[in-house]
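Q: Can you walk me through this model? I'd like to go topic by topic.
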Amino acid sequence: MEKKHRVLSLFSGCGGMDIGFEGGFECLRRSINTDIHPDWIRTYNGEWVDVVETGFRTVFANDIRLDAKAAWVSYFENIYSEANEIYQIASIVDLVKRERMGETIFPPNIDVVTGGFPCQDFSVSGKRKGFNSEKSHNGGKLEVGEPTVENRGQLYMWMREVVNIVKPSIFIAENVKGLTMLEDVKEVIEHDFADAADGGYLVIPARVLHAANFGVPQSRERVIFYGFKRNALKSEALEALRNLEENRDYDPYPIPTHAYNIEGEKLYPFVTCKEALSGLSEPGETDDIAQTKFSKAKFMVKGQGNIEIKLDSISPTIRSEHHGNIEFRRLSAKNGGTHEEELRQGLEQRRLTIRECARLQTFPDNYQFILPKTKENKAVCASDAYKIIGNAVPCVLGYNIAMRLKENWEKYFQ
């Protein structure tokens, strides 16, 4: 059996990136471009497919959200019997401090570190505090008067500390596009990451990926950072990564597969909301508990979340929101609804369900987000589910990132 590359996942949330890095999950057939990637599908089931495994294995996951862990474990215990032990609930700051004090926290022989460090402080929809966040590393408000390196906006520095400790062959960090709109922030983070392990990592220029160009039916843009361990790279790979313009074969960024805001040969049309939500029954007509749960917040003429999704296009960004700001699956004619056929059928005005948000984030249907309390983990309610789904990396985008790395692994590393 081929040896799997060991992945340490930070800021894991409910595991969108982790599912992508594992592979072997179900997604919409149209999300996978077989003209570009003919070997990515393992089995077909009508409009749905199971993708092949990636060759990566998650051996450590971490977050501060108890609901995220409960959901993550519920899904991954079907893959790993030790899922509950793999996922550690603690601040990354505290984990690094414990490791520095001599406690063994992180597993050995890590090949890849991934992490979507907290994005609220860089988000366009947030307060844009950036490095000067007033939130602490554990989610509370800072007790001191001035921001510190332990504030939420600088947690990427603690991700760098984990890289210093485990020394992976590669690390991949993710954040919102809004980070690139704050003066010099992207460049500062690139520079700080390059200092990992006393300058032992080559950090290539970060790039923004639009999820809809990779088969995700959603307007979601994320900036991705890559760092390569210099002494693990082949000499020709080190030179190629320093000059990617002339060495496209070494480019670690995934190749677009769908045409949303780009053009190119072999690209499929972007995946629409209608395709993504196909086959789902209305909330009162299903046994899937995630499809029965939806926000009852009333329609407001103004305010975020008070629009309906366009079935023939992609959805707005699925945000980490409470009930009141979740977009509408459909509006009534009185409130400007445009889904005429559904309105003629008498279908009610309502916001997106938990399952519909998960579908738009490309989570497989066998991922259950509404969970009872167990001996090991807390219950997960609908409000929790909306938040952790909105925080996640779309699984299919994570899969594209992982498969590109798998394809180039032997080209990069000795």
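What follows is a short chat about folding, sheets, core and cysteines.

A: First, the ground rules. This is a predicted model, where local features need pLDDT of at least 70, side-chain atom pairs count only at pLDDT 80 or more, and totals for chains, interfaces and linings use all residues. Residues are numbered from 1 along each chain as its sequence is written, and side-chain values use heavy atoms, with hydrogens and water left out.

Q: How many helices and strands does the protein have?
A: There are 14 helices and 14 strands. Both are DSSP runs numbered from the N terminus: helices are H or I with at least four residues, strands are E with at least two.

Q: What is the radius of gyration, and what would a compact globule have?
A: The protein has 21 Å; a compact globule of 414 residues would have one near 22 Å, so the two agree. The radius is taken over C-alpha atoms, and the globule rule is 2.2 Å times the number of residues to the power 0.38. Along the principal axes, the C-alpha atoms fill a box of roughly 65 × 55 × 45 Å.

Q: What percentage of the residues is buried?
A: Buried residues make up 56% of the 414. Buried means under 20% relative accessible area, exposed over 50%, partly exposed in between, with a 1.4 Å probe and protein chains only.

Q: Sheets next. What is the strand order in the sheet of seven?
A: The order is β6-β5-β1-β7-β8-β10-β9, in an open sheet with mixed pairing. Two strands pair if DSSP finds at least two bridges between them. The edges are β6 (87-89) and β9 (201-210), each pairing on one side only. The twist averages 15° from one strand to the next. Axes here are lines fitted to C-alpha atoms, for helices over the stretch in contact, with angles from 0 to 180 degrees between N-to-C directions.

Q: How do β8 and β10 pair?
A: Strand β8 (170-176) and strand β10 (221-229) are antiparallel over seven bridges. Asn175 stands opposite Val223 in β10.

Q: Which strands does helix α2 lie across?
A: Helix α2 (66-76) lies across β5 (56-63) and β6, and runs at about 165° to β6.

Q: And what is the order in the sheet of three strands?
A: That open sheet runs β2-β4-β3, with antiparallel pairing. Its edge strands are β2 (26-28) and β3 (41-45). Neighbouring strands are turned by 35° against each other on average, direction ignored. β2 and β4 (48-51) share three bridges, and Cys27 stands opposite Val49 in β4.

Q: Switching to the core. Which residues have the most contacts inside the largest nonpolar core?
A: Phe21, Ile92, Phe193 and Phe369, in a core of 121 residues. Such a core is a set of buried Ala, Val, Leu, Ile, Met, Phe, Trp, Tyr and Cys residues joined through side-chain atoms within 4.5 Å. Helix α14 (395-412) gives the largest share, 10 residues.

Q: What does Phe369 touch?
A: Leaving aside residues up to four places away in sequence, its contacts include Cys14, Ile354, Arg355 and Val380. Contact means heavy atoms within 4.5 Å.

Q: Is Cys273 buried or exposed?
A: Cys273 is buried, with a relative accessible area of 0%.
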